[in-house]
Amino acid sequence: MIGTRTLCTNLQPRASCMTNKSVQVEEIKRAKDGLDVWEDIHRYAALGDYSAIEPDDFERFKWYGIYRQKPKDGYFMCRIKIPGGALTAPRLREIGTICNLYGRGIGDVTTRQDIQLHWVRIQDVPDLFDRIYNKLGMYQEFSCGDAPRNTTACPLAGEIADEIVDCGPFAQAIADMYRQGGKEFSNLPRKFKSAIGACRIHCYAPQINDVAMFGVERKRPDGQTERGFGLCVGGSLRDTPFFAQSLRVFVPPDLELIKDIFRKVAHIFRDQSSLRQGRLKARLKFYVQEIGWAAFRDQLEDYLGYKLEHDDSIVGPDGAGNDDHVGVGRLRNGLNYVGIPIARGRLTGDQLIRIADLAEKYGQDPRRQINTTIKQNIILLNIRPDQTADLCKELEDLELPVNAHPLRQQLISCTGTQFCNLAIVETKDRAKRILEYLEQKVPMTEPVFISVSGCPNSCAQYQIADIGLQGTLFTYKGVKGVEHYHVLVGGRMGVRPEFGRFICTEDTKKVKVPAELIHLAIERLIRAWQADEAEARGSSANGKGRSFADWANAQDMSRLAELVTIPDDLAATQ
Ligand code: SF4
């Protein structure tokens with residue numbers, strides 16, 4: 001095998017290079033595997049005593065999707081793992097029931113297509129697990145922890161009319177492969193994210209995953225069209241974001257081969273012991289950056305034991321947008337899908353149950369009824385065209401309009417201070433207030449992707465949004481520690497991927513907008529874009545304006561800073 005990298009460049013003994021947190025987590029994993037905490041969870045539940053839980057076991061609980069929620073006083077967040085986001089009506093109904101029974105009636109769709117509930121007590125977990133494993137036939141291994149996280153996918157995989165390759169079962173198969181591997185994957189240096197899809201807009205964001213396959217179509221020398229996958233590795237956001245790099249290979253749509261490649265990329269990651277020196281640098285992206293994509297491809301072929309087919313023309317997913325198939329559209333079988341925009345991913349347990357009822361009432365295929373999306377939305381599949389309007393009417397009665405303001409489709413938020421121990425600012429309520437204000441004030445026909453993140457960790461993917469918000473604290477009106485946001489604009493993926501730029505002042509300091517004024521800053525950005533493009537359309541031959549990201553990336557920083565700086569007289573009206 002090709003050698004490993006070394007992050008410690010000084011001559012100190014290796015342990016001294018490790019951060020305290022890294023030492024701690026590595027020791028916890030060495031002492032007992034995360035997967036081995038199953039019996040302990042049940043033992044603690046029988047005791048019904050939160051204070052009896054060993055501190056190290058809190059860390060291991062994550063391997064089954066159980067996290068202490070803020071303020072670590074007896075309650076947990078439970079992340080229900082949904083490979084590819086694919087659900088049936090009975091499964092979603094049961095998840096809604098679980099949210100009502102144990103989660104105070106709230107369920108949040110996440111950016112990895114999971115559904116999270118909060119307020120779970122340790123004594124509730126066995127019944128919750130029993131429902132997930134035995135009633136739903138789903139599983140929780142690797143929902144969190146230093147392991148392969150949920151495999152994400154296009155929500156219409158296997159169903160959408162112009163899919164490059166039919167990859168309906170692939171995300172589930174990859175997730176199952178990781179689960180069956182068990183301890184082969186349960187002690188990675190850090191989290192490991194996988195995605196696969198083949199829709200033409202690459203809605204599943206392959207470039208921000210540790211490993212992803214994206215659909216490609218190419219012409220053979222004999223003129224025939226050939227369809228398969230490209231492969232990219234080393235993507236991730238957070239404070240040092242990198243897009244995944246294409247390994248410039250063509251992968252035929254052979255599920256066994258695909259699983260083997262995902263498996264071996266995970267093995268390469270697992271085997272880089274130097275990545276375990278510091279949690280902040282423990283992601284595959286740092287290794288890929290260090291050795292380069294070509295050397296990584298060589299190493300992957302070593303691990304696989306065979307050569308992949310090289311194709312220098314496959315440099316990344318060709319075409320990308322922020323769309324995640326929300327709205328009404330046609331499937332390959334002639335039936336419709338109905339994508340419901342969910343305001344910042346939050347639903348009540350009752351809404352989840354009602355959505356399941358509607359999926360059952362209108363859906364024509366009990367095997368494929370519902371899908372979550374990475375934009376925190378929900379799609380109902382296989383709806384008869386002549387019944388689509390009735391379904392939309394029933395959804396509207398549930399306060400889930402399909403034809404909502406375009407911003408609702410693409411506004412996402414992370415958990416924030418309500419439940420997250422790392423959060424700096426509140427996000428879910430703020431996102432709702434931003435949305436309600438803009439829906440009322442700013443008519444729009446095209447969506448703009450807005451992301452609200454409660455800290456620099458990129459759970460809401462603010463670096464790839466049209467408008468990304470990163471929470472921080474600052475002094476406002478003489479009061480210290482007031483919630484503010486840094487603002488980024490112009491993130492995008494696809495053939496010309498770019499991370500959003502922080503809006504900065506002339507002295508290159510990031511602008512901080514008070515949270516209570518952030519809706520005004522966003523309004524001013526969107527209105528400036530709309531005005532510029534309306535003017536350009538008036539004089540343009542083809543009448544087509546720029547996307548928000550294209551517009552934002554063409555603006556001087558001074559103009560952007562002026563737009564998000566709210567004048568005192570306007571601020572006084574709030
Ligand atoms: Fe928590 Fe930060 Fe992630 Fe938001 S981005 S969920 S605040 S860690």
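Glu394 counts as buried, with a relative accessibility of 19%; the term buried denotes under 20% relative accessible area, exposed over 50%, and partly exposed the range in between, computed with a 1.4 Å probe on protein chains only. The model is predicted, so local features need pLDDT of at least 70 and side-chain atom pairs count only at pLDDT 80 or more, while totals for chains, interfaces and linings use all residues. Residues are numbered from 1 along each chain as its sequence is written, and side-chain values use heavy atoms, with hydrogens and water left out.

**Salt bridges**

Glu394 forms a salt bridge with Lys361, their closest N and O atoms lying 2.5 Å apart. Glu394 belongs to helix α12 (residues 388-397) and Lys361 to helix α11 (residues 349-362), so the pair ties together parts that are 33 residues apart in sequence. Helices (H or I, at least four residues) and strands (E, at least two) are DSSP runs numbered from the N terminus. Lys361, at 52% relative accessibility, counts as exposed. Both residues also belong to a network of salt bridges that links Arg93, Arg354, Asp357, Glu360, Lys361 and Glu394.

A salt bridge here is a side-chain nitrogen of Lys or Arg within 4 Å of a carboxyl oxygen of Asp or Glu. Across the whole structure, 49 salt bridges are found. Side chains of opposite charge can pair when their charged atoms come close.

| Pair | N to O distance |
|---|---|
| Asp40 and Arg43 | 2.8 Å |
| Glu394 and Lys361 | 2.5 Å |
| Asp550 and Arg492 | 2.1 Å |

Asp550 and Arg492 meet through their side chains in a salt bridge. This pair links distant parts of the chain, 58 residues apart: Asp550 lies in helix α16 (residues 548-553), and Arg492 in the loop between β21 (479-489) and β22 (501-502). Asp550 is partly exposed at 27% relative accessibility, whereas Arg492 is buried at 14%.

Asp40 and Arg43 sit three residues apart in helix α3 (residues 38-47) and are therefore separated by about one helical turn. Asp40 is buried, with 12% relative accessibility, and Arg43 is partly exposed, with 42%.

**Ligand surroundings**

Around the ligand stand Cys414, Thr415, Cys420, Leu422, Ala423, Gly454, Cys455, Asn457 and Cys459, a residue being near when one of its heavy atoms lies within 4 Å. This shell comprises six nonpolar residues, three polar ones and no charged ones. In this division Ala, Val, Leu, Ile, Met, Phe, Trp, Tyr, Cys and Pro count as nonpolar, Asp, Glu, Lys and Arg as charged, and the others, Gly among them, as polar.
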